[in-house]
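Biologist: I would like a close look at a single part of this model, with its partners described along the way. Please pick one and follow it through.

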Amino acid sequence: MNKKTDFDEEGPLTKVIDDISEGINDAGTVFNSEETPTIPESTGKEAVRYLVWGLLSVVVNFGTFFLLYHAIHLNYQFANIVAWFLGVQVGFWVDRVIVFHHKSNTAFREMLAFYGTRILTFLIETATLWVGISLLSANGTGSKVVGQILAIVGNYVLSKFFIFKNKH
């Protein structure tokens, strides 16, 4: 019994997301220049899949942070570390399997590299929380949102070009 699930590479949910993102690759260029590189077809689809499926790791991250910081009233830095760890673990498998369709026999090595790059964006997010909460006395959730936006952009670039780059 080979039953396909929504998490299969060619599962129905992935096809819907790919169909929705198809228009990104069909859009014409704004500036016509000989030096403008051509974007591969998969780049737009990957970016859309990264944003859509990346919400899962964001939900895990935010949910954990909210539970630990707001509901249990633990220190915001501790809550952020636990939230980060769980979000990164979910993010690794989502990015590897669903977003970049990466196939290799080096998952553990890739996971170590993934965590290594996420440490950099974690430090950016942690600094954002510290500035927002400790220095500016801003809302913890608002500071978390700003930190997450910075982390998401950095994480996509690092994942695409360093961790899950497919060798052709």
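Modeller: Let's start with Phe78, which lies in helix H3, residues 76-99; helices here are DSSP runs of H or I with at least four residues, strands are runs of E with at least two, and both are numbered from the N terminus. Residues are numbered from 1 along each chain as its sequence is written. This is a predicted model, with local features needing pLDDT of at least 70 and side-chain atom pairs pLDDT 80 or more, while totals for chains, interfaces and linings use all residues, and side-chain values rest on heavy atoms, without hydrogens and water.

Phe78 is partly exposed because its relative accessible area is 45% (buried is under 20%, exposed over 50%, partly exposed in between, with a 1.4 Å probe and protein chains only). Together with Leu67, Ile72 and Leu74, Phe78 makes a nonpolar surface patch of about 350 Å². Such patches take residues with over 30% relative accessible area and no salt bridge, joining nonpolar side chains (Val, Leu, Ile, Met, Phe, Trp, Tyr) within 5 Å and like charges within 9 Å; the areas come from the Shrake-Rupley method with a 1.4 Å probe, and for residues only the protein chains shown count as cover.

Now to the inside. The largest nonpolar core has 16 residues, and Val99, Phe114 and Phe164 have the most contacts inside it. A core here is a set of buried Ala, Val, Leu, Ile, Met, Phe, Trp, Tyr and Cys residues joined through side-chain atoms within 4.5 Å. Helix H2 (41-71), H3, helix H4 (107-135) and helix H5 (140-163) each give two or more residues to this core, and H3 gives the most, six. Apart from that core lies another, of seven residues, including Tyr76 and Ala83 as well as Leu68 and Leu129.

Rings of Phe, Tyr and Trp (its six-membered ring) pair if their centres lie within 6.5 Å; planes under 30 degrees apart are stacked, over 60 edge-to-face and the rest tilted. That rule gives 12 aromatic pairs. Tyr69 and Tyr76 form an edge-to-face pair because their centres are 6.5 Å apart and their planes stand at 85 degrees. Tyr76 itself counts as buried, with 13% relative accessibility. Trp84 and Tyr115 are also edge-to-face, since their centres are 5.8 Å apart and their planes are at 80 degrees. This pair links Trp84 in helix H3 to Tyr115 in helix H4, 31 residues apart, and both Trp84 and Tyr115 are buried. Ring pairs also link Phe92 and Trp93 into a cluster with Tyr50, Phe100, Phe114, Tyr156 and Phe164.

A salt bridge, meaning a side-chain nitrogen of Lys or Arg within 4 Å of a carboxyl oxygen of Asp or Glu, joins Arg118 and Asp95 at 3.4 Å, N to O. Arg118 lies in helix H4 and Asp95 in helix H3, so the bridge ties together parts 23 residues apart in sequence. Arg118 and Asp95 are both buried. Glu110 forms a salt bridge with Arg96, the closest N and O atoms being 2.8 Å apart. Here, too, Glu110 sits in helix H4 and Arg96 in helix H3, 14 residues apart, with Glu110 and Arg96 both buried.
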